[in-house]
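Reader: I am new to this structure and would like to learn how to read it. Please take me through a few features.

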Amino acid sequence: MIARWAWPGLCLLLGLGALTLQLGAGDGAVWALDRSKAWGEPWRLLSAALWHWNGWHLAGNLAGLALLALLGWRAGFGMRPALAWLLAWPLTQALLLLQPRLPLYAGLSGVLHAGVLLAALALWRQWLGKALLAGLVAKLLLEQPWGPLLRPNDWWGGATLPLAHLAGALAGLLAAVILRRLRR
């Protein structure tokens, strides 16, 4: 019974964490991923995903999180996808630190892409899993994360970092492989 609630529980943790940080954190630069401070302030590997630059940014990511929560609950994802997603959370930010030109980064979008990848793997034997993976790969290719680092985005009131989406998907894959190896 607990395993059925692991995925939606993680979604709830991410959502409430993001809302709490947004409402009471003050200066977001304290929580954002800052390449120059990340190793001395390792909490940024977690907090960067929870802080958002504005309300639209937060609302969009919370909507995606709600969809992933519903999908995981309805599909009955077990403990392993939730644990992999939990592991992918800091891994996403750690992968972003490999980019030497990284500005301050914040937001759930990279971690959400990890969740989509892990949902696709959990549902791989069904058409929905294959469709999710194909859609994710197509989205990543269309975003061209190897191109300009920041992309203007008037909808979010700032810029997006397509590299974060790729880092999230790779972190999700890496986390799934790690857990699979540990299981053996």
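This is a predicted model: local features need pLDDT of at least 70, side-chain atom pairs count only at pLDDT 80 or more; totals for chains, interfaces and linings use all residues.

Reader: Which residues have the most contacts inside the largest nonpolar core?

Author: In soluble globular proteins, nonpolar side chains tend to be buried together. A nonpolar core is a set of buried Ala, Val, Leu, Ile, Met, Phe, Trp, Tyr and Cys residues joined through side-chain atoms within 4.5 Å; buried means under 20% relative accessible area, exposed over 50%, and partly exposed in between, with a 1.4 Å probe and protein chains only. Here the largest core has 32 residues, and Trp7, Leu14, Leu65, Trp85, Leu108 and Val111 have the most contacts inside it. Helix α1 supplies the largest share, 7 residues. Helices and strands are DSSP runs numbered from the N terminus (H or I, at least four residues, for helices; E, at least two, for strands). Apart from this core lies another, of 13 residues, among them Ala38 and Leu163.

Reader: How many aromatic pairs are there?

Author: Rings of Phe, Tyr and Trp (its six-membered ring) pair if their centres lie within 6.5 Å; planes under 30 degrees apart count as stacked, over 60 as edge-to-face and the rest as tilted. The count comes to 3 pairs. The rings of Trp5 and Trp73 have centres 6.1 Å apart and planes at 40 degrees, so this pair is tilted. Trp5 lies in the segment before α1 and Trp73 in helix α3, 68 residues apart. Trp5 is partly exposed, at 45% relative accessible area, and so is Trp73, at 29%.

Reader: Where do the buried residues of α6 fall, seen down its axis?

Author: The arc is that of the directions from the helix axis to the C-beta atoms. The buried residues of α6 are Gly129, Leu136, Leu140 and Glu143. They fall within an arc of 70 degrees, so they line one face of the helix. The face turned away from them carries the exposed residues Trp127, Leu141 and Leu142.

Reader: What covers the buried residues of α6?

Author: The cover includes α5, β1 (151-153) and α7. Helix α7 spans residues 162-183 and contains Leu182, which is exposed at 65% relative accessible area.

Note on methods: Residues are numbered from 1 along each chain as its sequence is written. Side-chain values use heavy atoms; hydrogens and water are left out. Contact means heavy atoms within 4.5 Å.
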